[in-house]
Amino acid sequence: MRISEGEQNRMERRPLSARWLPLSRHVRSARSWIILGVLAPIGMLVLSAIMLLELRQDAWDKAEQTSKNLLQVIERDIARNVEIIDLSLQGVVDNLKVPGLAGASPSLRRIALFDRAATARDMGVMLVIDENGDSIIDANADTPRRLNNADRDYFQAHKTQAGLGLHISRPLISRLLGEPVIVLSRRIEKPDGSFGGVVLASLKLSYFSSLFARIGLGREGGINLYLRDGTRVMRYPFVASDIGANITGAPTFQNFVAKREGSFKGISVRDGVERYYTFTQVGDWPLVLNVALGTREIEAEWRETAAVIGLAVLVLCGSTVLLSLLFGRELRRSAAMQAELARLAQTDVLTGLPNRRHFETVFAQAWGTSRRTGAPLALILIDADHFKRYNDRYGHAVGDAVLRGLADSLSASVRRPGDLVARVGGEEFAVLLPGTDHDGAMRVSETIHQAIAGFAMPSVGIGPGTVTVSLGLAVDSGSGTAEDLYRQADAALYEAKAGGRNQTRSAA
């Protein structure tokens, strides 16, 4: 049953004017607004600084990802080519052991020993050199070009170290081609295991320079390929004097060989420029590759953005402070206007009922009071049946008049000061009944149906009983949330609509 009006009046409910009183007092305080006008720009400066720091970090994250992607692409290309050449060298070593190959014609022996890798664009020469350093088989000619490479470091290395595997030489000038190359070589052993010579393939340094030149890294960026002993094989941008130089003692190179891959910031010993280095070992070979980006270039775009944003924020903050000081003088005059606007913000213009914003505020307060006092709380949602027909048949002016009539009928059906009738949507209304149980709410819904049934507009042919409404009713069960209560009432309203309209359905 419903509690008495006296009991309802004693329940905690602040009127609209009381709810806006703290705001009115705050608005009237010019000093408070001036302080706020000073603190707000400070907050803007702090937020802008945080945002700029995040943008700076984004620039570094982008540079890191770009470096890793470039490094991966270049490393895979080099590793693949080295592997192809090494497989060709291993094939030559294995095929030299085939019985009868030594007695074959030079042309047939060359075809049997060398695959198509020998004709690749950046390949130099492929030779078989005997234990004395003399060339005995040439991949490019049936009659080998006369050459002795016994003085080359790679020849001496294979001669003195059995099981050396693939050896990659320092950059050198090819005696047959007259251009810079690196030599990849493998040891040939006689049947008794003694040194029998070397099979070698030279790779032109132009392969690395053309590969690196396709990458854009900015004016301070660079790409370097080193042997693990610190010898620079290739550099981009290309500087001839740097090729073959050894930087094993440089701090940057010590970082390169400390682990297989990684990244760090460091100062270049060559030009003193700080760069962000990303490095990796190339496959399983004794080669180290690095991509370097100038730190100034990484942050260059960020610095431009920071300058623009910083200037804009300073201008805005200065303007905010100035406007706050000017605005402080107008606060007293605008207090009454603010109070009126606050009232209008809570009112539906068409019907004069509280709007959805007001309803949600009161609903939250009534829910809190219900929880503290244990009193029931009922909610009825009302929707005009077939409302679109009135707009389509009579026009929107008549539709608006129907809505005003519904609002008047609802207001007449709910008489307690603590009850609330609000327009919450186009043709949807809500009735909030604090301190009302299910039976009391059902009586209110019956009163609403009776009041609506008597509504008529004879001037346009709308007689009594023409306008009907569907109602969904829900009563707080003491569990759940305010949102649950609203959903239950809405579901009940949907059932009333689906069940034929002009009726009340109650949530289970």
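**View 1. D383 and K497 form a salt bridge (a side-chain nitrogen of Lys or Arg within 4 Å of a carboxyl oxygen of Asp or Glu) in this predicted model.** Their closest N and O atoms lie 2.7 Å apart. Helices (H or I, at least four residues) and strands (E, at least two) are DSSP runs, numbered from the N terminus. Both partners count as buried: D383 has 13% relative accessibility, and K497 has 18%. Here buried means under 20% relative accessible area, exposed over 50%, and partly exposed in between (1.4 Å probe, protein chains only).

**View 2. D484 and R487 meet through their side chains in a salt bridge.** The N to O distance is 2.3 Å. These two residues sit three apart in helix α15, so about one helical turn separates them. D484 is partly exposed at 23% relative accessible area, while R487 is exposed at 51%.

**View 3. R56, E299 and R303 are linked in a salt-bridge network.** Within it, look for E299 and R303, whose closest N and O atoms are 3.1 Å apart. E299 is buried, with 8% relative accessible area, whereas R303 is partly exposed at 41%.

**Notes for all views.** By the rule used here, the count comes to 21 salt bridges. Residues are numbered from 1 along each chain as its sequence is written, and side-chain values use heavy atoms, leaving out hydrogens and water. Because this is a predicted model, local features need pLDDT of at least 70 and side-chain atom pairs count only at pLDDT 80 or more, while totals for chains, interfaces and linings use all residues.
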